[in-house]
Amino acid sequence: MTRLASDNLLASREATGVAMNLLLPGPRLTDTAGTAQPATANSTGPTQNVRGGSPVLSETAYHDLMDQVISAALSATSAGQTGNPQRGGGAARVMRGPGQQPQQPQTPPDDAQVRQNNARTLLSSLQGMLPQIDQYNPDRAAAVRQKLTDLGSTTP
């Protein structure tokens with residue numbers, strides 16, 4: 001958990017993926033004595049595991065990780081604000097014929113671009129988790145919805 005601090009979440013796509021894979025199943029259920037209970041397929045409450053996988057985080061660790069992911073995601077800016085001239089989405093144009101220069105390879109994204117791409121990935125992933133954010137981190141839910149709106153995403 002300590003290796004998934006906000007700074008690491010933005011610097012590494014792998015850390016982003018691990019964090020979301022830990023959050024998606026939800027927290028482990030606990031009984032009134034604080035003892036972890038296995039998730040059951042017949043659960044019907046808000047902690048129902050509908051995305052597959054077994055919850056591995058306690059509610060406290062789940063809340064803390066969600067808060068870190070939200071903090072990282074809220075640093076996202078629109079793609080136009082990063083200064084990244086690479087737009088993707090289309091095939092590369094190939095020029096053939098005598099005297100044509102070979103196409104120059106694209107430069108890899110710099111650290112700032114990687115961080116913004118990861119922040120936007122986290123924000124996009126959080127869009128599908130708004131009900132869990134409402135439940136486990138309600139004080140941050142409005143900020144997530146506002147950031148989604150600011151970046152052009154529609155929220156439920």
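Select Tyr136 first: this residue is buried, with a relative accessible area of 10%. Buried means under 20% relative accessible area, exposed over 50%, and partly exposed in between (1.4 Å probe, protein chains only). The model is predicted: local features need pLDDT of at least 70, side-chain atom pairs count only at pLDDT 80 or more, and totals for chains, interfaces and linings use all residues. Residues are numbered from 1 along each chain as its sequence is written, and side-chain values use heavy atoms, leaving out hydrogens and water.

Rings of Phe, Tyr and Trp (its six-membered ring) pair if their centres lie within 6.5 Å; planes under 30 degrees apart are stacked, over 60 edge-to-face, the rest tilted. That rule gives 1 aromatic pair. Tyr62 and Tyr136 form it, edge-to-face, at 5.0 Å centre to centre and 70 degrees between the planes. Tyr62 lies in helix H3 (residues 59-73) and Tyr136 in helix H5, so the pair ties together parts 74 residues apart in sequence.

Next, helix H2 (residues 13-23). Ala15, Thr16, Ala19, Met20, Leu22 and Leu23 are buried there. Viewed down the axis of H2, they fall within an arc of 160 degrees, so they line one face of the helix. The arc is that of the directions from the helix axis to the C-beta atoms. Turned away from the buried side are the exposed Arg13, Glu14 and Asn21.

Now colour by pLDDT, the predictor's confidence in each residue, from 0 to 100. The protein averages 77. Where pLDDT is low, the predicted coordinates should not be read in detail.

Notes:
Helix = DSSP H or I, 4+ residues; strand = E, 2+ residues; numbered from the N terminus.
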